[in-house]
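Please look through the sequence and the model shown here before reading on. The report then takes up the overall make-up of the chain and some of its parts.

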Amino acid sequence: MNSRKWVRLFLTTLAIGGITTAIIGIVFNWGQYQKLLLQLDVVEIFAVLMWHIGVGFIFSVVSQAGFFAYLTIHRFGLGIFRSASLWNAVQMVLILFVLFDLVYFRYQAFAAKGESVVSYILVALFLLMVGLVVAYIKSAQTNKGAFVPALFFMIVVTVIEWFPVLRINDRNWLYLMLFPLLVCNAYQLLILHKLTGGAKS
């Protein structure tokens with residue numbers, strides 16, 4: 001993994017974050033965009049679009065910081081537990097703990113009186129399903145031992161990266177940040193072995 005490949009990874013992930021956030025921003029703020037389109041306010045449309053792309057760049061940097069932090073933590077975990085299977089078991093416990101917390105503590109902190117817990121469960125299930133799909137693809141492209149670390153990264157690290165807006169609990173910000181994080185995290189995870197020349201075993 002040379003510096004040219006690191007720069008390539010950084011720039012492509014940055015672009016993916018910006019584009020994904022812009023698309024999500026248009027979807028969730030279509031009413032605002034539609035109004036500007038009807039008014040043919042090109043300058044304002046461009047300004048809002050650039051704002052979303054800029055925010056996406058920030059989300060991308062957060063994603064990349066989390067990715068490189070996890071690569072370091074993963075190595076430490078393997079060194080401390082001296083066994084990939086034991087380290088995987090620890091990661092599975094942490095995955096379950098984070099998913100439970102994502103439902104329970106968010107519901108306790110933000111649910112209105114009489115509000116159903118279903119919407120909070122659905123968010124956790126969505127995160128789990130995305131994590132399972134990405135982890136399966138990663139293990140299929142590399143080896144079976146990559147499944148649990150990939151799942152851990154897609155769930156636990158994504159939630160940690162997502163934490164600033166989880167505290168705010170604003171619906172628009174929650175989804176505006178979540179989707180770019182998931183896309184950027186998945187991209188980095190699935191491209192890494194191609195950049196480093198990791199072979200399937």
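## Basis of the report

This is a predicted model, in which local features need pLDDT of at least 70 and side-chain atom pairs count only at pLDDT 80 or more, while totals for chains, interfaces and linings use all residues. Residues are numbered from 1 along each chain as its sequence is written, and side-chain values use heavy atoms, with hydrogens and water left out.

## The chain as a whole

The chain contains 7 helices and 0 strands, where helices (H or I, at least four residues) and strands (E, at least two) are DSSP runs numbered from the N terminus. Read along the sequence, the pattern is α-α-α-α-α-α-α. The C-alpha trace spans about 60 × 50 × 25 Å along its principal axes.

Of the 201 residues, 40% count as buried; here buried means under 20% relative accessible area, exposed means over 50%, and partly exposed lies in between, with a 1.4 Å probe and protein chains only. The accessible surface comes to about 11200 Å², and 72% of this surface belongs to carbon and sulfur atoms; such areas come from the Shrake-Rupley method with a 1.4 Å probe, and for residues only the protein chains shown count as cover. Among contacts (heavy atoms within 4.5 Å) between residues at least 6 apart in sequence, 71% join residues at least 24 apart.

The chain carries 14 positive and 6 negative side chains, and the centres of the two sets lie 19 Å apart. In this count Lys and Arg are positive and Asp and Glu are negative, whereas His and the chain ends are not counted; the place of each charge is taken as NZ of Lys, CZ of Arg, CG of Asp or CD of Glu.

## Helix H1 and Thr13

Helix H1 has 26 residues and reaches 37 Å from its first C-alpha to its last, close to the 38 Å expected at 1.5 Å a residue, the expected span being 1.5 Å times one less than the number of residues. The buried residues of H1 are Leu9, Thr13, Leu14, Gly17, Gly18, Thr20, Thr21, Ala22, Ile24 and Gly25.

Thr13 is found in H1, which runs over residues 3-28, and Thr13 counts as buried because its relative accessible area is 0%. The side chain of Thr13 reaches the backbone oxygen of Leu9 at 2.6 Å, a polar contact being a pair of N or O atoms within 3.5 Å; within protein, one atom must be able to donate a hydrogen and the other to accept it, and residues adjacent in sequence count only if both atoms are side-chain atoms. Leaving aside neighbours within four places in sequence, Thr13 is in contact with Ser60, Gln64, Cys184, Tyr187 and Gln188.

## Helix H3 and the residue after it

Helix H3 covers residues 42-81, and its 40 residues should span 58 Å at 1.5 Å a residue; the end C-alpha atoms are 57 Å apart, which agrees. H3 is followed by Arg82, whose phi is near 60 degrees, a positive value in a residue other than glycine. Arg82 has its place in the loop between H3 and H4 and, at 76% relative accessibility, counts as exposed.

Ser116 is found in the loop between H4 and H5, and at 41% relative accessibility Ser116 counts as partly exposed. A polar atom of the Ser116 side chain lies 3.1 Å from the backbone nitrogen of Val118.

Helix H5 takes in residues 118-141, and the 34 Å between its end C-alpha atoms agrees with the 34 Å that 24 residues should span at 1.5 Å a residue. Buried residues in H5 include Tyr120, Val123, Ala124 and Leu127, and the buried residues of H5 pack against helix H4 (84-110), helix H6 (147-168) and helix H7 (171-196).

## From H6 into H7

The loop between H6 and H7 holds Asn169, which has a positive phi of about 65 degrees although it is not a glycine. Asp170 also has its place in the loop between H6 and H7, and at 32% relative accessibility Asp170 counts as partly exposed. A polar atom of the Asp170 side chain lies 3.1 Å from the backbone nitrogen of Trp173.

Leu174 lies in helix H7 and, at 6% relative accessibility, counts as buried. Apart from neighbours within four places in sequence, Leu174 is in contact with Arg106, Trp162, Val165, Leu166 and Asn169.
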